[in-house]
Amino acid sequence: MTNAEPAMTALEGLKELLRERIATQYLDSPDFNGVAAAPLMDVAAKLSVDSEVALAELVADGAVYANFGHEMVNPHILGFPHQSAADNLAEVQRRGGVRSAVLYPTKGTLAAMSAGERYPSAPYSAALALGHAQLESIFFRADVLGRYRDDPRYDYTLDIGGEIRAREGTPLDTYLTTFSIGFDGDTTSDEIVVGVPLRYLHDLSPTEQSYWKSFEHERQDWVLHPDWVRPHLMGEFPERVSPYTAILMEMSLVNEICDVIGYPTLFRTLYEDPNRPTDYGYLIRPTKRELSTFIEQLNKLLIDNLDQKFFRQAKIPLTEERQDGDGNIYQGQRGTMNMLIEWMDRTVTHDPEGMVQSAAAILKEIRRARSKTAHKLHENEYDSSMWTDQRHLVVEAYLAVRTVRQLLQSHPKASAVKVSEELDEAKVWPF
């Protein structure tokens, strides 16, 4: 036996001790956190083996990953899939050693320990236990949300991102603080999916995780909404708002302008949070029934919600001559949509882009589509083109209510109302 062999045995023993300590602390931590390297190295300083060498070899072997926050600001969370062992070792060498790193067991180390067996009925918790990154997203068919949207025991929202919470006092335990709408990288597809990082899926009970697992999409190459990614994964501000939110913001601004110029408010009710309707958002199933429900929501928000008092103040006739079946002439109540269109026609002075004409057209389209669904039974047919139809309706509806707001802004007193950057510059997503 040479003098080198005992030293090698001691080194391998320390490597095994460190690998086990790092893996155990990772699995026992509440949020699958890493282990700071410095305290481990200080404890090992009493040994005859250099802990710096041992940890560097563990990195080179692909058994441990050294996180310096070089891929995500917080090194105590493994946000994204880690580098290869060779790249990670190069990062260690570039920084002059591992002392400033936070250490994690790699997938290989955790698989050898059968770490996923700690969570036999919770597939997404098991994935984290096996070393998957906390912000690694899983994509699901959008109809996974139907269970929560249609049950009043849940507080549920869906826009660019969403949230699900069981209401206090119910026996339910669902608590999903955030998820994102996901899209196909192919821009010709309008299909909507739901993307959720593993860390948030881990918050679900085993029963709920199994439910979500049954809705996993057969493809996992979807794209998270960029304005969900910015605040949740990159710590940046969103760039724009969704057309669904923009409509509600414009309605609120319209009423604010009405107050300032001395008019009755145009919309009787505003629907920004917390009054936002549950069905007002992206379709979670591309069916005629779901699209009809959405059209009904648009009709209620933008047409049935109009207040006649506004038109009376604007000197728009509230009645019109009509003739009954016997030829008798009488004054009938005009529809609020027609009064709004007349008000826009009277107010506009210069409209080279035909915005008033476009606004009138989409309002008529919404009313016409609503009338068809209100008086006819529809089969609940599944048709992916429903996503395309909804996108057209919501974008055009946003432009219509924006046109109304811009016309109101032509009033001299309206300059006192501050318009947010999103609305002033139309920073609104087209999907």
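## Helices α12 and α16

Helix α12 and helix α16 pack with their axes 10 Å apart, at an angle of about 5 degrees. Here axes are lines fitted to C-alpha atoms, for helices over the stretch in contact, and angles between N-to-C directions run from 0 to 180 degrees. The angle makes α12 roughly parallel to α16; angles under 35 degrees count as roughly parallel, over 145 as roughly antiparallel, 65 to 115 as roughly perpendicular and the rest as oblique. Helices (H or I, at least four residues) and strands (E, at least two) are DSSP runs, numbered from the N terminus.

On the α12 side the contact (heavy atoms within 4.5 Å) is made by Lys288, Leu291, Phe294, Ile295, Leu298 and Leu302. The α16 side supplies Met386, Asp389, Gln390, Leu393, Val394, Ala397 and Val401. These residues divide into 10 nonpolar, one polar and two charged. Ala, Val, Leu, Ile, Met, Phe, Trp, Tyr, Cys and Pro count as nonpolar, Asp, Glu, Lys and Arg as charged, and the others, Gly among them, as polar.

## Basis of the model

This is a predicted model, in which local features need pLDDT of at least 70 and side-chain atom pairs count only at pLDDT 80 or more, while totals for chains, interfaces and linings use all residues. Residues are numbered from 1 along each chain as its sequence is written, and side-chain values use heavy atoms, with hydrogens and water left out.

## Helix α11 and its two partners

Helix α11 (residues 243-261) packs with helix α16 (residues 385-408) at an angle of about 15 degrees, their axes being 9 Å apart. The two are therefore roughly parallel to each other, and their crossing is left-handed. A crossing is left-handed if the near helix is turned anticlockwise from the far one by less than a right angle, and right-handed if clockwise. Residues of α11 in the contact include Tyr244, Ile247, Glu250, Met251, Val254 and Ile261; those of α16 include Gln390, Val394, Tyr398, Arg402, Arg405 and Leu408.

The axes of α11 and helix α12 (residues 288-302) come within 12 Å and cross at roughly 15 degrees. This pair, too, is therefore roughly parallel, with a left-handed crossing. Tyr244, Ile247, Leu248 and Met251 of α11 meet Phe294, Leu298, Leu301 and Leu302 of α12. The contact has eight nonpolar residues, no polar and no charged.

## Strands

An open sheet of three strands has the order β1-β3-β2 and antiparallel pairing. Strands pair if DSSP finds at least two bridges between them. β1 (35-36) and β2 (64-67) stand at the edges, each with a single partner strand, so one side of each has no neighbour in the sheet. Two bridges join β1 to the antiparallel strand β3 (residues 102-105), and Ala36 has Val102 of β3 as its bridge partner.

Elsewhere, five bridges join strand β10 (residues 319-323) to strand β11 (residues 329-333), and the two run antiparallel. Arg322 has Tyr330 of β11 as its bridge partner. The strands β10 and β11 form a hairpin with five residues between them, and Gly327 in the turn has a positive phi of about 85 degrees.

## Backbone exceptions

Most residues other than glycine have a negative phi, and most peptide bonds are trans. Ser114, a residue other than glycine, has a positive phi near 55 degrees; Ser114 is in the loop between α5 (107-112) and α6 (123-129). The peptide bond from Asp273 to Pro274 is cis, with omega near 5 degrees, and Pro274 lies in the loop between α11 and α12.

## Overall dimensions

The secondary structure comes to 17 helices and 11 strands. Along the principal axes, the C-alpha atoms fill a box of roughly 120 × 50 × 45 Å.
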